[in-house]
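Reader: I have the sequence and the structure open and would like to walk through them with you. Could we take them one question at a time?

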Amino acid sequence: MHPTSHDFKANAHRAMRNEALQGALATLKKGFRAKRGIAVERLPEFEALRDAGRDMKNHVLAHLDHYLELFEAKVLAQGGHVHWARDAEEARRIVLDICRASNARTVTKGKSMVAEEIGLNAYLEKNGVRPVETDLGEYIIQLRDEPPSHIIAPAIHLNRGHVAQAFVKAHPQYPADRPLGEARELLDEAREVLRESFVTADLGITGANMMIAETGATIIVTNEGNGDLTQTLPRVHVVLTSIEKVVPTMEDATTVLRLLARSATGQEFAAYTTFSAGPRRAEDLDGPSEFHVVLLDNGRSNMLGGAFHDMLRCIRCAACINHCPIYGAIGGHAYGWVYPGPMGSVLTPALIGLEEAHDLPNASTLCGRCEAVCPMHIPLPRMLRHWREREFERHLQPGRVRLALKGWSWLVRHPTLYRLYTMAAVATLGMLGKRRGRFTSMPLAGGWTNTRDLPAPSARRGFMDQWATGRRR
Amino acid sequence: MTAKRQILDSIRGSLGRGALPPSRRAELEEALNHPHAAAVPARGTLPHPEQIALFMAMCVEMSASVDRVASMALVPAAIASYLASQNLPTRLVVAPAPQALDWAAAPLLETRFGAALPIDPVSVTPVAAGVAETGTLVLCSGPDSPTTLNFLPDTHIAVIEAGQVVGGYEEVWARLRVDGRLVPRNINMITGPSRTGDIEQTILLGAHGPRRLHVILVDEHGG
């Protein structure tokens with residue numbers, strides 16, 4: 001997928017003016033966020049599980065080469081195939097080659113963010129293979145020819161009207177005036193249409209939430225059951241995943257599973273958690289005859305051991321996205337690539353380069369909510385700051401921003417001057433803003449006041465003064 | 001250099017080391033034989049009768065329906081009465097499980113044994129276990145439990161014996177390890193019927209998998 005992260009500011013402005021999007025984003029708070037809170041409240045062991053999850057993933061990352069080799073050996077022993085892909089191009093090529101070798105024309109797909117990352121659909125189409133997304137949200141955005149705006153709810157930016165419009169256009173086999181006003185009607189139509197694809201597909205592609213070194217199984221966690229029909233009915237099952245998703249044992253996977261659904265949708269457990277190992281056994285009555293796992297690196301191995309190492313613990317639950325005030329204001333498309341929100345702002349520069357994505361780490365108030373809800377204790381704000389430092393080091397900001405930052409950095413290293421300056425600023429602003437309590441415009445601060453008011457300091461004395469005179473709370 | 005070689009080298013380079021020494025590899029491999037459960041929730045460690053009550057309550061919370069019968073012999077009649085109460089078709093595709101149910105007890109049901117076809121409206125399957133913690137069924141694929149039965153029909157009826165209900169997931173893995181059944185083609189953990197929230201975050205049942213999941217708990221084996 002062609003990134004537009006370099007246009008982040010324009011994207012964000014557009015998103016904030018998009019009324020339909022703003023309406024859709026308003027559901028986040030009472031949906032995912034509230035439900036996660038309740039689910040976590042119900043599990044007293046949640047904090048202990050978070051710590052265990054972090055420690056387990058840290059152990060895996062420190063021995064990643066070893067666990068990947070163990071996993072591969074298990075898959076091979078069960079008659080499956082493992083393909084290693086250094087980058088997106090290599091992964092696309094491998095999937096296409098498997099399609100060609102099995103003469104596959106129609107391919108059903110479960111939801112896979114790695115497939116989005118490598119731009120698989122466009123590539124398959126260009127090469128004569130028809131991919132059909134089967135997750136309802138992914139199906140809707142495929143019909144609309146747009147990327148997902150959320151990693152677990154790809155069509156969260158849309159409302160029923162958008163979906164109905166897309167279905168009327170894409171399903172000419174039904175009467176044009178059929179009722180499609182209710183979500184139920186839309187779902188039933190999608191179910192009927194996609195049943196046909198499930199049954200006729202030559203090959204099924206799913207992602208994987210995890211791989212287990214102990215058993216050689218891959219895991220998908222879903223609610224719709226589309227991933228299961230995708231991998232059970234066709235003759236060939238291809239799992240497309242990335243190298244950091246391996247865990248040692250079933251018990252380790254279980255720790256992650258206890259965290260995943262609760263953090264993501266606030267469910268106690270997803271409807272379907274499926275372990276898939278190798279092709280169908282000789283005596284089985286159903287299941288695919290071929291099983292392939294494609295392991296994508298695409299820059300991840302370079303993240304190990306460095307400032308962004310901890311990001312590789314991510315289990316893609318989207319809790320950070322659901323709780324991010326910036327995501328809540330602009331949605332996912334504004335981020336301009338595959339992974340939005342805090343996890344995306346850390347991951348995107350690592351995967352497609354800071355030059356393209358240097359605005360993203362700045363799209364954060366560093367309020368810390370993302371880290372507070374992350375089931376893997378990933379220090380997202382710290383990593384966003386790392387990227388900001390690199391942005392400065394590489395001269396990626398406009399000249400006046402650099403100048404302002406340099407001036408600021410000089411000022412804060414001279415505490416006496418800094419205090420004089422802030423005292424004067426607080427006194428002046430406090431006096432000028434006394435009457436209204438806020439400013440609606442201010443010279444040199446249009447970037448702030450164009451879209452929101454600047455609160456006037458309530459006391460004439462700043463924090464340092466109050467601290468010094470013991471007015472501590 | 002092959003892709004595999006290059007990726008492994010890159011991992012090792014980033015970690016600042018070469019390949020792990022054979023002694024360390026053997027140690028890690030051996031550790032896989034002693035899997036360690038991190039933090040098993042207390043709610044999974046109740047006495048067995050309470051586990052069963054929790055299992056059934058969680059099934060209902062997850063939008064499955066539940067029924068409880070005293071013996072295997074009563075299962076066909078329970079299926080017939082469930083289907084009648086829901087006004088559902090009486091054509092069943094049944095898992096060729098080892099302990100056959102006595103279908104003569106429910107003469108109105110039409111049964112076929114094997115994997116599911118898209119036209120099958122109702123399936124009946126055994127399970128490998130039920131987990132009280134979240135009301136989750138665990139099914140292992142095999143000739144006696146084809147995976148398509150769990151996903152293709154509109155209605156999935158799962159028959160579970162009381163002794164198959166355990167507290168937490170780890171107990172299932174331990175049992176499967178002992179039975180040598182830990183790695184079938186599929187282990188399916190099923191918690192309630194298929195659902196989606198992809199349209200305006202409204203939860204709807206029956207997305208692509210079964211619209212209904214009906215769990216029949218059998219108190220004693222035999223009959």
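Reader: Which residue in strand 9 of chain B is the bridge partner of Y272(A)?

Author: Happy to start there, and please keep in mind that this is a predicted model. Strand 9 (residues 272-276) of chain A and strand 9 (residues 186-190) of chain B run antiparallel and are joined by five bridges. Within strand 9 of chain B, Y272(A) has as its bridge partner I190(B).

Reader: And which residue in strand 9 of chain B is the bridge partner of L139(B)?

Author: Here the pairing stays inside chain B: strand 6 (residues 136-140) and strand 9 of that chain run antiparallel, with four bridges between them. The bridge partner of L139(B) in strand 9 of chain B is N188(B).

Reader: Which are the edge strands of the open sheet?

Author: The sheet has eight strands with mixed pairing, in the order 8(A)-5(A)-6(A)-9(A)-9(B)-6(B)-5(B)-8(B). An edge strand pairs on one side only, and that picks out strand 8 (246-247) of chain A and strand 8 (165-166) of chain B.

Reader: Which helix gives the largest share of the side of chain A that touches chain B?

Author: The contact draws 77 residues from chain A and 62 residues from chain B. Eight residues on the chain A side, the largest share, come from helix 11 (residues 183-200) of chain A.

Reader: By class, how many nonpolar, polar and charged residues are on that side of chain A?

Author: Let's keep to the side of chain A that touches chain B. The count by class is 33 nonpolar, 25 polar and 19 charged residues.

Reader: Why does D145(A) count as exposed?

Author: D145(A) sits in the loop between helix 9 (136-143) and helix 10 (160-170) of chain A. Its phi is near 55 degrees, a positive value in a residue other than glycine. D145(A) counts as exposed because its C-beta neighbours inside 10 Å number 9.

Reader: Is N87(B) buried or exposed?

Author: N87(B) is placed in the loop between helix 4 (75-85) and strand 2 (91-94) of chain B. Although N87(B) is not a glycine, its phi is positive, at about 60 degrees. Because there are 6 other C-beta atoms within 10 Å, N87(B) is exposed.

Reader: What percentage of the residues of chain B count as buried?

Author: Chain B has six helices and 12 strands, and its C-alpha atoms fill a box of roughly 70 × 40 × 40 Å along the principal axes. Among contacts in chain B with a separation of 6 or more, 74% are between residues 24 or more positions apart. Of its 223 residues, the share that count as buried is 48%.

Reader: How many Å separate the centres of domain 1 and domain 2 of chain A?

Author: The domain assignment of chain A gives domain 1 (43-301) and domain 2 (403-468). Taken over C-alpha atoms, their centres are separated by 50 Å.

Reader: Last one: what are the ipTM and pTM of the model?

Author: For chain B, the average pLDDT is 95, and 98% of the residues score at least 70. The scores of the model are ipTM 0.97 and pTM 0.94.

Key. Residues are numbered from 1 along each chain as its sequence is written. Chains are lettered from A and ligands numbered from 1 in the order in which they are written. This is a predicted model: local features need pLDDT of at least 70, side-chain atom pairs count only at pLDDT 80 or more; totals for chains, interfaces and linings use all residues. Two residues are in contact if their C-beta atoms, placed from the backbone, lie within 7 Å. Helices (H or I, at least four residues) and strands (E, at least two) are DSSP runs, numbered from the N terminus. Ala, Val, Leu, Ile, Met, Phe, Trp, Tyr, Cys and Pro count as nonpolar, Asp, Glu, Lys and Arg as charged, and the others, Gly among them, as polar. Two strands pair if DSSP finds at least two bridges between them. A residue is buried if 20 or more other C-beta atoms lie within 10 Å of its own, exposed if 12 or fewer, and partly exposed in between; C-beta atoms are placed from the backbone. pLDDT is the predictor's confidence in each residue, from 0 to 100. Domain bounds come from an automatic or database domain assignment.
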